[in-house]
Amino acid sequence: MCGIVGYVGERDALPIILQSLKRIEYRGYDSAGVACITDNGIEVYKDKGKVDDVIEKITNSKSISANSGIGHCRWATHGAPSKTNAHPHLDGEGEIAVVHNGIIENYLSLKEELLSQGCTFVSETDTEVIPHLINRGLKNSVNVEWELKEAVKEALSRLTGSYAIIVAAKGFDGLVAARKESPLIIGVGDRENFIASDVPAVLEQTTRVIYLDEGDLAVVKNDSVYIENGGAEVTRAERLIPWTIEDAEKGGYEHFMLKEIHEEPKAITDTLRGYVTGDEITLGIDLGIEGDTKVKSILMLACGTSYYAALCGKHIIETLAKVPVQLELASEFNYSDFVLDGANVVAMAITQSGETADTLMALKKAKRYGCKTVAITNVVGSSATRIADEAIYTGAGPEIGVAATKSFVAQLVIFYLLGLQKPLVAKLPDAAFLEYLEELRRMPQIARLVLDEANGDIQKHARYLSKYDHAFFVGRGVNLPIAMEGALKLKEISYIHAEGYAAGELKHGPFALLTEDTPVVAILTHQASQNIYEKMLGNVKEIKARGAPVIAIAEEGDEEVEKYVDAVIRVPRTGAIFSPIPNTVALHLLAYWTAKERGGCEIDKPRNLAKSVTVE
Ligand code: M6R
């Protein structure tokens, strides 16, 4: 997500803030900005583009003399990347400046309320309500510090969602910071202090760091740090960070890919957060559905990992909403003589980056056919969103590793939401809808369980898998695409030749390749029909009879499976249609640890591959 930084001390604030922002650039962002507290009040410089561009603009205009200020790298979530949507945001009177990382879920109702009180808004962001709310709480008392702290607390009590914020105010020589469900740290210096969303932002200045806890609010001045939680002062320990800047960028993980796999639970939470309120799912797009008569089918267009997510999405939507979904590889669709009556078809482009050339072309072609078009993407303002009529955003945050991991899981979440979206599931009884929604809400916890409890076994099995040069991944139904994703991930980062295959299809050819040197990873978690599990067991027996070793992905408590396979990776049991989530986390880990075990693999930047494929 976004990165935020703050400085208060005796040195020139601006170069320090800009240097801190440069240190968190690696996370990916689309715009940057700073606000400094000067003798003239709050001065803001922000724009779409890179920190360097912002620096250039500032140094080209004039020097700014300030000892405190805040900065922001924005990864757009509400409103396209632009100068007005970039942070910091101000209240209407220029008294308060705020940088924010997170999502304010109830910003629309707050905005309406503030508009009715005469506030004016300039951006499309959720953040802009915060400085306005803080300003409302100011009472012009003599104790500026106390008053600001109380006004921030009052404003925060109105927010639902997640935030890490830093607040600067005219006439106050410190900063106020607070967090809820978004990380925030304080870097402790000598007669100066730093605030940041990420440790790398402060490491060039200090290795003394205080991690703020959930619900903490801090008043940070050059010579003091005051922290309170729930209205009472609290003490938080100062730690010495032994990391290099490079270690810190990866949050202590050896690779971005591993860090991003560990962020999969959060990617699920953040994707749900945008669209689920109470028992309501609101994707905020117009699918042109009147009753349940208008959309006859959905056409999905995607490449690579996004294609496998879409294939899984097809199963999910067809099962839950009973709407037929046709899926095409974007690179093939562009050159097919496909005949399509677009009138009743919603075409969806699934693309993490929103920039994949083949997918963009396919989207344009679907538009020409007269389809209503939707981009499902992780990047606000990307090309796909500009071409499509509507956009649905995954909440995965920036993904640095070339191998898509958390963005894939976030795409699956969107398909569950689409499958459960009210107009589409008009026929699903309320009780069943609520049961599915409840299960969907459990998914962050399920994903975390895999990371916490299966990781050790997965590392062990990865050591075994890493000794082979060929592997098969097999599954059925909703887990066939997950087998394909597991194989893609393995080949991409470990360079082991891996094929994802329908378990029932092996006997139609690939059996010829099975030997004791071709391990098979088989997904044996249960699905809606018991029949599929039985069929998978049958396929496993066939595979074993041909001498190939089998690693099963199976649920906790399934003892039957032990009889037929060589090794088992255990995942928590879920409602049947939801097993792709834990299975994906397990297979992402398996690919990672196998590549690590092989050695010599550039895991974050596999050879010959790019994060966005912008050529056909
Ligand atoms: O950005 P997109 O989702 O459109 O990218 C499509 C593929 O290039 C991408 O999913 C690729 O297969 C992954 N990096 C593989 O992990």
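Mentor: Let us start with helix H16, which lies across strand S23 (470-475), S26 and S27 and runs at about 160° to S27. Axes here are lines fitted to C-alpha atoms, for helices over the stretch in contact, and angles run from 0 to 180 degrees between N-to-C directions. Helices (H or I, at least four residues) and strands (E, at least two) are DSSP runs, numbered from the N terminus.

Trainee: Before we go on, what kind of model is this, and how are its residues numbered?

Mentor: This is a predicted model, with residues numbered from 1 along each chain as its sequence is written. Local features need pLDDT of at least 70 and side-chain atom pairs count only at pLDDT 80 or more, while totals for chains, interfaces and linings use all residues; side-chain values use heavy atoms, with hydrogens and water left out.

Trainee: Which other helix packs on that sheet?

Mentor: Helix H17 (residues 480-494) touches S23, S24 and strand S25 (520-523), and its direction makes about 175° with that of S24. Contact means heavy atoms within 4.5 Å.

Trainee: What is the strand order?

Mentor: The open sheet has five strands in the order S24-S23-S25-S26-S27, with parallel pairing. Two strands pair if DSSP finds at least two bridges between them. Strand S24 (497-502) and strand S27 (567-571) each have a single partner strand, so one side of each is left without a neighbour in the sheet. The twist averages 20° from one strand to the next.

Trainee: How many bridges join S26 to S27?

Mentor: Five bridges join strand S26 (residues 550-555) to S27. Within S27, isoleucine 569 stands opposite isoleucine 553.

Trainee: Changing topic, how is the chain divided into domains?

Mentor: The assignment gives domain 1 (3-247), domain 2 (250-441) and domain 3 (445-616). These bounds come from an automatic or database domain assignment. The centres of domain 1 and domain 2, taken over C-alpha atoms, are separated by 33 Å, and 17 residues of domain 1 are in contact with 13 residues of domain 2.

Trainee: And the pockets: what is the volume of the largest?

Mentor: The largest pocket has a volume of about 1100 Å³. It is lined by 44 residues, of which Arg27, Pro183, Lys259, Glu263 and Lys266 are the closest to its centre. On a 1 Å grid over the protein atoms alone, a cavity is a set of points where a 1.4 Å probe fits but cannot get out, and a pocket is an open set with protein on both sides within 12 Å along at least five of seven lines; lining residues have an atom within 4 Å of a point. Grid points are joined across faces, edges and corners, and a volume is the space filled by probe spheres set on the points.

Trainee: Where does the second largest pocket lie?

Mentor: Domain 1 and domain 2 both give residues to its lining, so the second largest pocket lies between them. Its volume is about 870 Å³. Among its 35 lining residues, Thr77, His78, Tyr107, Gly274 and Tyr275 are the closest to the centre. H9 gives the most to this lining, with five residues.

Trainee: How much space lies in the largest cavity?

Mentor: The largest cavity holds about 70 Å³. Its lining includes Cys2, Arg74, His87 and Asp126.

Trainee: Is the peptide bond from histidine 87 to proline 88 cis or trans?

Mentor: That bond is cis, with omega near -5°. Proline 88 is in the loop between strand S4 (68-74) and strand S5 (89-90).

Trainee: What is phi of arginine 191?

Mentor: Phi of arginine 191 is near 55°, a positive value in a residue other than glycine. Most residues other than glycine have a negative phi.
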